[in-house]
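Please walk through this protein with me, from its overall build down to a single residue.

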Amino acid sequence: MLGFLGRGSTFADEHNFAFFISNNELVLIDCPASAFQKIKKVPFENVNKIYILVTHTHGDHCGGVGTMLQYAWFVLHNPVTIVAPSESVRHDLLILLMQIEGFEAEWFHIMTADDLYREWFLSAIPTTHVKPLDGKCFGYHLRVDDSDVVYTGDTATLEPYLHQLHSGAYLYTESSFYKSDVHLYIYDILPKLTEFA
């Protein structure tokens, strides 16, 4: 299924970062700064294309995107395709990459999930996380190794993902031992998760 090169939230030494390979395409789900040193150790010889699916623009989820783009362009000579879950997130990423980090347009490709047609991609799923990013936080419904995979990214609710879950589907979600309004609280979601076990 999905591989992980880090697990942890904002203040942890490693941040959540998932990946899979499908038909010589490397698909990264988010790309935090803490993951880049591990990413560059991945054997890229058989990788024809690299995608980064962005769930939202917090640094512990996409703070390493810029470094990954430069590495892919200058070292691998294989520009990355960034998949933004919506047009507004695409716009924000372009401001970050072009105006703040000063990238050249040819160093990467960027598109919205609505324009992505790959056998492993099913849909971007809007969710809620923090108020300033209302409408800009997403998870993904994917097809990996012939199985349905639901990946939430940061979310305050499982509700948007429930209709994708069925027997044989895989759910990857973050949860917290501390109750808050912006992340799933493990004891609140445990009863729902056991329904699917």
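**Overall surface and one buried threonine**

The accessible surface of the protein is about 9900 Å², and carbon and sulfur atoms account for 53% of that area. Areas come from the Shrake-Rupley method with a 1.4 Å probe; for residues, only the protein chains shown count as cover. This is a predicted model: local features need pLDDT of at least 70, side-chain atom pairs count only at pLDDT 80 or more, and totals for chains, interfaces and linings use all residues. Residues are numbered from 1 along each chain as its sequence is written, and side-chain values use heavy atoms, with hydrogens and water left out.

Now the fold. The protein has five helices and 10 strands (DSSP runs numbered from the N terminus: helices are H or I, at least four residues; strands are E, at least two). Its radius of gyration is 16 Å, close to the 16 Å from the globule rule for 197 residues, so the protein is as compact as a globular protein of that length. The radius is taken over C-alpha atoms; the rule is 2.2 Å times the number of residues to the power 0.38.

Next, the interior. Buried residues make up 49% of the 197 (buried is under 20% relative accessible area, exposed over 50%, partly exposed in between; 1.4 Å probe, protein chains only).

Finally, zoom in on Thr 155. It sits in the loop between β9 (147-151) and β10 (170-172). Thr 155 counts as buried because its relative accessibility is 2%. Which residues does Thr 155 contact, leaving aside neighbours within four places in sequence? They are Thr 127, Thr 128, His 129, Tyr 161, Thr 173, Val 182, His 183 and Leu 184, where contact means heavy atoms within 4.5 Å.
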